[in-house]
Amino acid sequence: MLPIRYLLAVLYALGPLPLLFAQQTVSISSPDKSIVLSISNVQTGAVTYKVSYKGKKVIEPSGVGFVLSKPNVSLTQFTIASADSSTKDETWKPVWGEVSQIRNHYKELALTLADKGSSGIKVLVRFRVFDDGVGFRYEFPQQTALTHFIVADEKTQFALAADHKTFWQPGDYDSNEYLYNTTRLSEVDATVASNKEKDTALKSLIGPNAVQTPLLFKTGDGLYISIYEAALINYPVMHLQLNKKTLTLTSQLVPDAVGNKAYLQTPTQTPWRTIIVSDRATDILASKLILNLNEPSTIADPSWIKPQKFVGMWWEMHIGKATWEKAGGKHGANTQNVKKYIDFAAKYGFDGVLVEGWNVGWEDWFGNWKENVFDFVTPYPDYNLDSLTTYAQSKGVRIIMHHETSGSVTNYERRMDAAFQYMVKEGINTVKTGYVGRIIPRGEHHDGQWMVSHYQRVAEKAAQYKIMIDSHESAHPTGLHRTYPNWMASEAARGSEFNNAPTLGITPEHTTILPFTRMLGGPMDFTPGLFRFNLNQFDSTRTQRVRTTLAKQLALYITLYSPLQMAADLPENYEKHLDAFQFIHDVPVDWDDTKIIAAEPGDYLTIARKTKGKDSWFLGQSPMKTAVTSRLISISWSPEKPTWLPFTEMLSPPIGRPILKPT
Ligand code: NOJ
Ligand code: CA
């Protein structure tokens with residue numbers, strides 16, 4: 001037994017830090033004291049942590065630990081070998097983002113836990129307590145008792161104090177392109193929720209009681225709580241298994257092809273497990289906890305990384321005007337069509353033109369689980385990339401490359417260098433990657449450790465070639481855009497493409513839940529800006545309608561932040577509404593400051609942002625399930641007097657003038 005006296009001595013030695021020690025419990029509070037984290041080591045050896053916010057229960061005593069399959073040992077009973085605490089208060093500047101500087105202020109407690117059994121293994125659990133939440137991760141120091149090891153299960157728990165209102169997606173190893181469900185926690189039924197989803201191409205449902213992170217709760221006593229993860233590196237995604245009787249969620253890691261969760265070697269660490277909490281919904285959206293738990297940028301000179309707005313040869317394939325494939329006579333990405341997009345982009349001041357369906361392989365890309373579909377360097381014969389890149393350059397526009405892997409990631413890894421070299425040769429510095437379909441290596445999942453490491457390899461390799469990334473069908477983002485600011489956006493959720501799906505589509509509340517869930521991890525390539533809501537423009541069988549308003553589509557440019565922001569609709573649809581289109585022209589993609597004015601998940605968002613380097617503000621409102629309208633205004637804001645000028649909703653300003661003016 002590790003003597004309590006020893007622990008006491010360690011804690012006393014920490015000096016004047018506000019650590020309270022009672023029996024076998026260690027507590028630490030946030031800098032503003034609103035959050036208290038307590039860790040207990042009970043007689044049996046179980047170590048539990050609990051979290052409170054302004055005296056209210058956030059997380060009830062919850063276990064930590066692991067089961068390893070190599071060595072075959074259960075790490076769930078410990079003695080506390082040592083405790084160490086520290087404080088940090090620093091401010092850093094992101095390369096781009098919603099704000100120009102970020103404060104990273106926390107108190108830290110690092111507990112070294114020694115296995116109570118005979119393995120001799122030590123695990124360090126590092127807790128950081130911020131004013132807006134808690135992060136903790138496991139660290140496995142170099143030690144003779146543990147070198148290479150295999151994680152069979154992680155046993156991190158999150159015990160909730162009551163049957164909260166919960167915003168959740170079914171737990172799935174391959175897809176995060178679901179709508180969110182809003183029920184009591186005890187009413188989660190992932191099977192029923194998944195059965196409603198007819199449009200998701202690939203599903204690997206975990207089971208009826210499994211949910212994805214980020215998970216959001218609203219409690220009966222007025223708290224908003226988010227459970228997520230930060231800095232997902234060399235480790236599988238964390239989903240959660242719910243025990244409905246105890247209202248406890250336990251980490252459910254994504255397995256690999258043979259059922260293992262992670263292969264690690266000391267010294268190493270897990271991603272951070274995060275709990276963001278506040279009594280104001282707006283604070284959840286303003287939280288920078290996830291970013292703060294990521295490592296600083298690895299890119300010494302980021303001057304080549306540029307936020308951008310783009311249009312694309314894209315939606316016209318989704319709604320049946322054109323096809324990705326050349327066969328069939330409706331090939332969209334031909335030289336003449338793409339030239340029109342370049343002209344349109346140049347005329348209205350866009351930075352980029354995404355071109356999908358440009359390369360040989362689309363005749364046979366979907367659903368075949370096939371190894372060599374694309375080589376990423378061979379354009380279709382009717383697409384003259386050389387001449388188009390020169391033409392685009394002459395107009396101040398760049399083509400955005402598309403690398404759909406069709407899930408054959410082995411193939412992409414083999415060809416990635418050649419593909420990036422080809423981009424560099426053509427003067428293209430942004431790529432949209434895609435992972436539609438089942439993964440090769442066969443048996444791996446989109447959210448498993450192998451794929452998580454793949455996404456990181458892509459970000460690192462792209463950086464070597466000074467290439468910016470927008471990844472689709474990748475694992476949920478966990479703030480890695482701090483470390484890899486060239487990995488600017490990802491889809492990793494149900495995006496606007498689902499407006500074209502025959503059944504559920506995009507519900508009006510979806511875009512008011514995304515910022516509270518998926519988007520806590522990073523920018524989303526949602527592809528807003530649909531101006532035509534009847535989708536039967538080219539195909540009369542498409543009877544579904546986009547459930548939105550023009551004003552709401554515009555508001556999404558503010559409420560769903562991305563430094564790579566698409567104007568998704570067709571040029572001909574924009575040219576019918578040049579008044580509203582003016583807003584997309586004007587709205588920036590990089591900001592000095594962001595104020596979350598009002599927000600309620602599933603209901604409304606009002607966000608104001610200050611243009612980078614300018615004194616102009618933009619406001620987006622995305623209200624209500626009924627999505628009647630949104631308002632966009634120019635405002636004047638002074639930090640000392642944060643009041644809003646009254647405004648009128650106005651969507652017909654002359655081109656070149658502010659779209660909406662205060663009255
Ligand atoms: C799914 C992506 O989300 C979408 O944007 C893309 O057009 C298709 N895959 C084809 O790659
Ligand atoms: Ca997608």
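Is Glu497 buried or exposed? Glu497 is buried, since its relative accessible area is 19%, where buried means under 20% relative accessible area, exposed over 50% and partly exposed in between, using a 1.4 Å probe and protein chains only. The model behind this value is predicted, so to speak of local features takes a pLDDT of at least 70 and side-chain atom pairs count only at pLDDT 80 or more, while totals for chains, interfaces and linings use all residues. Residues are numbered from 1 along each chain as its sequence is written, chains are lettered from A and ligands numbered from 1 in the order in which they are written, and side-chain values use heavy atoms, with hydrogens and water left out.

Like Glu497, Glu473 counts as buried, at 15% relative accessibility. Helices (H or I, at least four residues) and strands (E, at least two) are DSSP runs, numbered from the N terminus.Thr323 lies elsewhere, in the loop between α5 (315-318) and α6 (335-347), and is buried too, with a relative accessible area of 16%. A polar atom of the Thr323 side chain lies 2.7 Å from the backbone oxygen of Glu325. Leaving aside residues up to four places away in sequence, Thr323 touches Met317, Lys330, His331 and Gly332, contact meaning heavy atoms within 4.5 Å.

The largest pocket has a volume of about 930 Å³, and of the 39 residues lining it, the closest to its centre are Ala201, Trp365, Phe366, Val436 and Glu497. A pocket is an open set of points on a 1 Å grid over the protein atoms alone, with protein on both sides within 12 Å along at least five of seven lines, and lining residues have an atom within 4 Å of a point. A volume is the space filled by probe spheres set on the points, which are joined across faces, edges and corners. β27 (430-434) gives the most to this lining, with 3 residues.

Conventions: A polar contact is a pair of N or O atoms within 3.5 Å; within protein, one must be able to donate a hydrogen and the other to accept it, and residues adjacent in sequence count only if both atoms are side-chain atoms. On a 1 Å grid over the protein atoms alone, a cavity is a set of points where a 1.4 Å probe fits but cannot get out, and a pocket is an open set with protein on both sides within 12 Å along at least five of seven lines; lining residues have an atom within 4 Å of a point.
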